[in-house]
Amino acid sequence: MADHISVTQISNYIGQDVVLKGWVYNRTDKGKLSFLLVRDGTGFIQCVAFKGDLTPELFETISHLPQETSVIITGAVREDKRAPGIPGGFEVGIKDLQVVQVAELDYPMSLKDHGVDFALDNRHLWLRMQSQWAILRVRATVMAATREWLDTNGFTEMSTPILTPAAAEGTTTLFETEYFDEGKAYLAQTGQLYNEANIFSFGKVYCYGPTFRAEKSKTRRHLTEFWMLEPEIAFCDLDGLMEVEEQMITHIAQRVIRDRTPELKFLGRDISKLENIKAPFPRISYDDAAKMIAELREKETDPEKKALLAFDWGIDFGAPHETAITQQFDKPVFVYGYPSAVKAFYMEPWPGRPEVCKSVDLLAPEGYGEICGGSERMSSHENLLARIRKEKLPEEAFKWYLELRKYGSVPHSGFGMGTERVTAWMCGIEHIREAIAFPRTIKRVYP
Ligand code: 4AD
Ligand code: MG
């Protein structure tokens, strides 16, 4: 009996018989030959049926297999540079084929272009397509590389709660639910506050889980449910935080290149752009970024684009501003020291400039914008209490959080990275909804 192998292992089996288990993705018939493009979860490979090698019944069956039929194929592996597939370059000469189930003929996701709404309604099937498979393979590698870097650099993974008693990232994006006799509970917008408790026991921690924002904004960068990675570090200031971010992002990019080049090539990604992602990343202050925008606006000749770059000190950057800034660099760029008014309540004020905070956003090139947001946290009990009162946050819900500043408070920092934004950037795709298996947006909770 030949070994059951996966498409990723194929190069080790040249000249040998193997068993593949998968699905018929596409079929082309040319006289005595039937070419199947078969996917097995790990890749796509061409399997060729030659009439002369098979019984007439089997050849007849193969040359009529509908798309998505599940099959078990036995055949001989050979190298052929022209063979399509992901990674491609190999094919299997079919010796036997067993049908597990003949797929019904009305498969909705035929291999033509579908409108995006139709594709999203059929997301459970769209996932099988090469492009979607490639993107989600990159996503899995982004997540694995992230954990790998943190685990080998002294971080402990913690799980923070999804049901929480209060807002942490502003009250406008809260998902609310009734919580028995306790009143209202909210789906977590961040695990950060809990990680601030965790560092006082574990030093360096991270959480990696689903995060919820009732985002009213309908943009290509926003989901209502996304996966955020949040490291938090004791005895760490803003400079130390930027070092952690750039090392981790460098590692992610390098591992994506190492492990996912076939997927990236299929997606048409310019891999040289990813090779550039190496620490150190440039660091500019919000003030300097504001000046840069003013100069770019000055130089801009297209009146429409000029209008989009309108800017006053104190506002948060919009997508056009972020794009303009990042276009000045060929790497991700850190922008630090935003006005406190546009950032969350917990950020440490800039020494001597209370209107500015020790925040930092990491902006990705090629128009991808903010991929990480972080800060040094307020470490003084007095300042934090004053801020909570000023923002009229429910003091009772933050009692435990304030207490962290009473017993061995230290400077500490952390950031959050949006998995789908990083994945979209690595893949070079337009919209982050394709960077998660079942996207949730204001207009979609199905399927
Ligand atoms: O900048 P944000 O809102 O920061 C926080 O939530 C902090 N508490 C994180 C921390 O310091 N521990 O979100 C962090 C990142 C953003 O840079 C972005 O990549 C992603 O999370 N993100 C979203 N991704 C998709 N859809 C949304 N609606 C997102 N909101 C934030
Ligand atoms: Mg942010």
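Which strands each supply at least two residues of the shell around ligand 1? They are β13 (225–234), β19 (369–376) and β20 (412–418), with strands taken as DSSP runs of E, at least two residues long, and helices as runs of H or I, at least four, both numbered from the N terminus. This is a predicted model, where local features need pLDDT of at least 70 and side-chain atom pairs count only at pLDDT 80 or more, while totals for chains, interfaces and linings use all residues. Residues are numbered from 1 along each chain as its sequence is written, chains are lettered from A and ligands numbered from 1 in the order written, and side-chain values use heavy atoms, without hydrogens and water.

**Ligand 1 and its shell**

- Ligand 1 sits in the largest pocket.
- A pocket here is an open set of points on a 1 Å grid over the protein atoms alone, with protein on both sides within 12 Å along at least five of seven lines; sitting in one takes more than half of the molecule's atoms within 2 Å of its grid points.
- Of the 24 residues around the ligand, E169, Q192, R213, E230 and E370 come nearest (a residue counts if one of its heavy atoms lies within 4 Å).
- β19 gives the largest share of that shell, five residues.

**Polar contacts to ligand 1**

- E370 puts a polar side-chain atom 2.6 Å from an oxygen atom of ligand 1, and R377 does likewise at 2.8 Å; a polar contact is a pair of N or O atoms within 3.5 Å.
- G418 uses its backbone instead, with an N or O atom 3.2 Å from a ligand oxygen.
- Taken alone, ligand 1 exposes 630 Å², and the protein buries 93% of that (Shrake-Rupley areas, 1.4 Å probe).

**Q189**

- Q189 belongs to the loop between β11 and α5 (192–202).
- Q189 counts as buried because its relative accessible area is 3%, and the cut-off is under 20%.
- A polar atom of the Q189 side chain lies 2.9 Å from the backbone nitrogen of E169.
- Beyond neighbours within four places in sequence, Q189 is in contact (heavy atoms within 4.5 Å) with residues including A167, E169, T173, R213 and M228.

**A185**

- A185 lies in strand β11 (residues 184–187), and is buried at a relative accessible area of 5%.
- Leaving aside neighbours within four places in sequence, A185 touches L163, T164, F175, E176, T177 and Y179.
- E60 is 125 residues from A185 in sequence and 61 Å away in space, C-alpha to C-alpha.

Key:
Buried < 20%, exposed > 50% of the residue type's maximum accessible area, 1.4 Å probe, protein only. Polar contact = N/O pair within 3.5 Å; in protein donor to acceptor, adjacent residues only side chain to side chain. 1 Å grid on protein atoms, 1.4 Å probe; cavity = no way out; pocket = protein on both sides within 12 Å on 5 of 7 lines; lining within 4 Å.
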